[in-house]
Amino acid sequence: MNLLTAENISKNFGMKTLFEDVSFSVAEGDRIGLIGVNGTGKSTFLKVIAGEEQPDGGTIAVRNGIAVEYLPQNPPFDDEATVLQQLFRGQSPLMRLLRDYESVIGRIERGDPDPGLHERLTELSGRMDAAGAWQLENEAKRILTKLGIGDFEARMGTLSGGKRKRVALAGALIRPADLLILDEPTNHIDTETVDWLESYLAKSKSALLMITHDRYFLDRVADRIIELDQGKLYGYTGNYSVFLEQKAERLARQQASEEKRQNLLRRELAWIRRGAKARSTKQKARIERFEKLREAGPGETAQEMDIALAGARLGKKVVELHGVTKRYGERDVIRGFSLIVQRDDRIGVVGPNGAGKSTLLKLIAGRLSPDEGEVDVGSTVKIGFFSQENEGLDESLRVIEYIREAAEQVRTSDGETISASQMLERFLFPPSAQWTPVASLSGGEKRRLYLLRILMEGPNVLLLDEPTNDLDIQTLTVLEDYLELFPGAVIVVSHDRYFLDRTVDSLLVAEGGGEFARHEGNYTDYRDRMKELGAGPGSGGSAGREKKTPSADNPAADGHAKEKERPLKFSFKEQKEFEEIDGKIEHAERELNEVADALSAAGSDYEALQRLTVRQQELEAELERLIERWTYLNELAERIEKQRGGV
């Protein structure tokens, strides 16, 4: 049964149409992810659905008695309210009761001499018993603790922006709702907390409508995806992986339709050019058809973002940290930390909020100075620092002015020289948007513009502090592809597990007390290893430590003793397979390319297309199996070699 139905809704922002004649419904138990490029109106769409803004056209009907809870990207706060008072906002009788109870408790704990407070507390306690409110209060405190908020009496005005967003998220989770609407709920929480939130929402009975860039989150929580693209809403049944398959099919259909239109247009144009005289009704009708085809133009397709910028040459020495300590007051955020960054390193930094991850990047970037130790940066290093706070983003400028401050022209990776305006177009800022004031951009558009400015300065070492916050999935995908080919070192702080898996090959894990441990592999490798060792990610226990952070004197220092292993060796079958597998992979790849060429040449021969498609799928499955086997055999060969060398 539908909880909410939107019919033919439209919304404009100034002269820009965000969405038009969109229809949409939410049923009981739905788990819906909303995706789209920044600036297309996703957050506005949620506000309209939640009743925070009115549509310019169309209607929204909510079933009687339905409770809707909405978490915006930037929730409002009462700076004087305590955490629990903020959490229990709302006008339902239960929320008012909890708010009154916490207020009286707070006054008593602060020594308020009012003699009537204890009598009032007794009355409220009885009402709490009758309403069954104790369980909700305990659940609220449990959720706050899971989200890293331990001081329930702290004033909201004293908390950081990230902590305030987490209090707002906790409030949205504990207030009873039939429909929960969340705008970027995974921002400002660490990877372990994202795992917890994922499990919590999966068990929730509320229907869910959310915007998130976290693709693993979408894959594991969502069962429907809706995409806002060029003012239209496209629906897909399934999680994020299914969405990718279905979108590819939709785009292929659109391309086939456009190719058909172009072919028909060419035939009609040839007929017109032969000098057909428009005397008969049939000829007039054909000329009119040509005019309609020409005026129709191609259907709107999504713009493609392109990052293809060249970086400066990087020498052998990159960055070295020697015994670095950084304190805030009496607390060591980083203590005795040493690290040697190599030219091709791809390092992820993970751990709880407040563990020193951003501080580490600021030390490397020279934004902070260590209290002890030394940060030594190579002479050829040009650092690009993508900070959480968009440092240096001058909102008084227009988009084109801000980018021209970096460079009027830039050189791309293929040697082409293009203007700042052309580069903006590649970053999805068309000419019509380039004179827009930076202050009027959406949060995601500002992040995309800020990223472009940093890349245009031609860095050869990239420091990325939570780059996935407020960036849309399309931008993240292109950034991931860019980092894969980036000819320099990359160090990234992120809670986005998918992004870490795509971009890093080792992790620095904050273990508490200012210490970091080095783990080889991406985030999934690390998490799987922790599960095998019986310690959760970020647990900080000795079981979770693979390799102590290397020092300058002993870069290979190991945090745990090696277990004795029995002698390893290939079986006869494995040895033969190891010798032959490269040739088998090469043969499968060659045959797959031949099938792809044959598919392109098959045209409208449907029997051939069907036969070739089946063969293509068989070859892709075989190639995947061979590559998995190749990985296993090569890892085994490395272990055998190390054992022989006594390592």
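The model is predicted. The sheet is open and has the strand order 5-6-7-3-8-9. The hairpin is built from strand 19 and strand 20, and Arg335 has contacts with Gly513, Gly514 and Glu515, among others.

**The six-strand sheet**

- The pairing within this open sheet of six strands is mixed.
- Strand 5 (68-71) and strand 9 (232-237) are the edge strands; each has a single partner, so one side of each has no neighbour in the sheet.
- On average, neighbouring strands of the sheet are turned by 15° against each other, with direction ignored.
- Strand 5 pairs with strand 6 (residues 179-183) in the parallel sense, over four bridges.
- Within this pair, Tyr70 stands opposite Ile181 of strand 6.

**Helix 1 on the sheet**

- Helix 1 (residues 42-50) packs on the sheet, where it touches strand 3 (31-35), strand 5, strand 6, strand 7 (207-211), strand 8 (224-229) and strand 9.
- The direction of helix 1 makes about 155° with that of strand 6.
- Seven of the nine residues of helix 1 are buried, which leaves the helix mostly covered.
- These buried residues are Lys42, Thr44, Phe45, Leu46, Val48, Ile49 and Ala50.

- Strand 19 (residues 506-512) and strand 20 (residues 515-520) are paired in the antiparallel sense, with six bridges.
- Ser506 has Glu520 of strand 20 opposite it.
- Two residues lie between the strands of this hairpin, and Gly513 takes a positive phi near 70° there.

- Arg335 belongs to strand 11 (residues 331-341).
- Is Arg335 buried, exposed or partly exposed? Arg335 has 40% relative accessibility; buried means under 20% and exposed over 50%, so Arg335 counts as partly exposed.
- Leaving out residues up to four places away in sequence, Arg335 touches Val324, Thr325, Gly513, Gly514 and Glu515.
- The side chain of Arg335 reaches the backbone oxygen of Gly513 at 3.2 Å.
- Between Arg335 and Gly512 the separation is 177 residues in sequence, while their C-alpha atoms are 10.0 Å apart in space.

Methods: Residues numbered from 1 in each chain as written. Predicted model: local features only at pLDDT ≥ 70, side-chain atom pairs only at ≥ 80, totals over all residues. Heavy atoms only, no water. Pairing = 2+ DSSP bridges. Axes fitted to C-alpha atoms, helices over the stretch in contact; angles between N-to-C directions. Contact = heavy atoms within 4.5 Å. Buried < 20%, exposed > 50% of the residue type's maximum accessible area, 1.4 Å probe, protein only. Polar contact = N/O pair within 3.5 Å; in protein donor to acceptor, adjacent residues only side chain to side chain.
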